[in-house]
Amino acid sequence: MRRRPGLSVRLKLTLSYAGFLAVAGALLLAVVWGFLLRYVPDNSQGLLGVSPNRYLLVHTFAPAAAVAMAFLLVFGLVGGWVLAGRMLAPLTRITAAARRAGDGSLSHRIRLEGRRDEFRELADAFDGMLDRLESHVAEEQRFAANASHELRTPLAISQTLLDLAREDPARDREDLLARLRTANTRAIDLTEALLLLSRSDRGTFAREAVDLSLVAEEAAETLLPLAERRGIALDVTGGAAWTGGSAELLLRMVTNLVQNAVVHNLPAGGTVTVHTAAEGDTSVVRVENTGPPLPPELVPTLTEPFRRGTDRVRTDEHAGAGLGLAIVHSVVRAHDGTLDLAPRPAGGLLATVRLPASPDGGRQGRAFRIRPDPEGTA
């Protein structure tokens with residue numbers, strides 16, 4: 001934004017200091033005039049012929065007062081200029097740091113020393129903003145690099161398969177089509193996950209009343225075949241838990257949590273428990289699963305994009321791109337909620353989502369229990 005040039009803040013403060021000092025001096029002289037000279041007799045002989053009269057005092061006092069006023073004005077200008085410069089020095093450093101940040105240098109910090117005051121609070125807040133901004137930019141750069149790498153993999157596989165088919169026309173066509181379909185499905189799933197992650201980050205979605213218990217039921221019904229193949233007992237319990245938000249995003253959130261709990265579980269005989277509840281002004285979804293013990297230092301990193309949790313039990317069938325919990329975290333954040341991940345002492349993970357409660361509109365959620373068919377286990 002272009003602005004017309006004006007007086008600097010330092011000059012304005014200098015003129016203010018000098019003006020206040022001159023006004024204070026003038027008031028002091030007025031007080032001397034009003035309360036001192038008025039009681040001096042105004043005659044040619046003075047008091048008893050000894051004390052000076054008002055005429056002599058005025059002619060003696062007036063030049064000295066003019067000199068004093070001139071000195072106060074000059075002293076106010078010089079002193080005000082120096083004091084204003086010292087007071088505004090931190091603001092100059094903050095401005096320089098802001099310009100460097102505007103030019104793309106996010107590593108610079110002000111680190112203003114001294115005791116806390118308004119300027120130092122502003123500098124600390126600016127440093128904190130730069131920390132978060134630099135971290136966000138670095139995260140976005142890593143995300144873009146990882147996304148490019150993940151998208152390149154299925155495309156490279158497809159290109160290789162097509163090259164092999166062209167060089168070897170006698171190659172099994174069905175096998176080629178199956179491999180191409182797998183690579184294409186992986187690329188489509190990754191693209192949809194990236195779009196969903198971007199949508200939830202922007203928070204541009206219509207909000208409506210959603211019962212998380214019904215969302216949990218639908219997610220469990222969708223993932224029941226996967227649980228049956230793996231011999232995992234999938235339990236859904238609890239009551240109605242209403243919140244406001246996007247039903248589609250909330251369904252994806254719970255589905256990702258349940259799928260993550262099923263995939264990263266024991267090879268056989270594991271359990272997954274999904275529980276919904278209304279706790280005061282909060283609606284809660286808890287997804288708990290069995291599995292091997294998780295290192296405490298691994299858990300905080302699970303919500304990072306493309307973090308696959310290499311130390312966890314998994315198979316190639318549902319390796320994924322490492323966006324499941326990242327999408328969950330993004331959806332929770334877009335709905336003004338919190339996501340807590342905690343390792344279970346016996347192994348596995350406990351994921352707790354807390355979202356702001358919303359009136360249920362007269363509907364009631366229901367609890368039910370799903371267990372896989374033992375004959376359908378793989």
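How many residues does helix α6 have, and how far does α6 reach from its first C-alpha to its last? The legends below begin with this helix. The structure is a predicted model, in which local features need pLDDT of at least 70 and side-chain atom pairs count only at pLDDT 80 or more, whereas totals for chains, interfaces and linings use all residues. Residues are numbered from 1 along each chain as its sequence is written, and side-chain values use heavy atoms, with hydrogens and water left out.

View 1. Helix α6, residues 247-263, has 17 residues and reaches 24 Å from its first C-alpha to its last, close to the 24 Å expected at 1.5 Å a residue; the expected span is 1.5 Å times one less than the number of residues. Helices (H or I, at least four residues) and strands (E, at least two) are DSSP runs numbered from the N terminus. The helix is mostly covered, with 12 of its 17 residues buried, where buried means under 20% relative accessible area, exposed over 50% and partly exposed in between, for a 1.4 Å probe and protein chains only. Among the buried residues of α6 are Leu249, Leu250, Met253, Val254, Asn256 and Asn260.

**View 2. The packing of α5 against α6.** Helix α5 (residues 212-230) packs with α6 at an angle of about 30°, their axes being 9 Å apart; axes are lines fitted to C-alpha atoms, for helices over the stretch in contact, and angles run from 0 to 180 degrees between N-to-C directions. The two helices, α5 and α6, are therefore roughly parallel to each other, given that angles under 35 degrees count as roughly parallel, over 145 as roughly antiparallel, 65 to 115 as roughly perpendicular and the rest as oblique.

**View 3. The salt bridge between Glu113 and Arg93.** A salt bridge is a side-chain nitrogen of Lys or Arg within 4 Å of a carboxyl oxygen of Asp or Glu, and by this rule the count comes to eight. In one of them, the side chains of Glu113 and Arg93 meet at 3.3 Å, N to O. Glu113 lies in the loop between α2 (54-102) and α3 (118-167) and Arg93 lies in helix α2, so the pair ties together parts that are 20 residues apart in sequence. Glu113 is exposed, with a relative accessible area of 51%, while Arg93 counts as partly exposed at 34%.

**View 4. The salt bridge between Arg344 and Glu288.** Here the side chains of Arg344 and Glu288 meet in a salt bridge at 2.7 Å, N to O. Because Arg344 lies in the loop between β6 (338-343) and β7 (349-356) and Glu288 in strand β5 (residues 282-289), the pair ties together parts that are 56 residues apart in sequence. Arg344 is partly exposed, with a relative accessible area of 21%, and Glu288 is partly exposed at 31%.

**View 5. The stacked rings of Phe71 and Phe75.** A search of the whole structure finds one aromatic pair. Phe71 and Phe75 form this stacked pair, with 5.9 Å from centre to centre and 20° between the planes; rings of Phe, Tyr and Trp (its six-membered ring) pair if their centres lie within 6.5 Å, and planes under 30 degrees apart count as stacked, over 60 as edge-to-face and the rest as tilted. Both residues lie in helix α2, four residues apart, about one turn of the helix. Phe71 counts as exposed at 55% relative accessibility.
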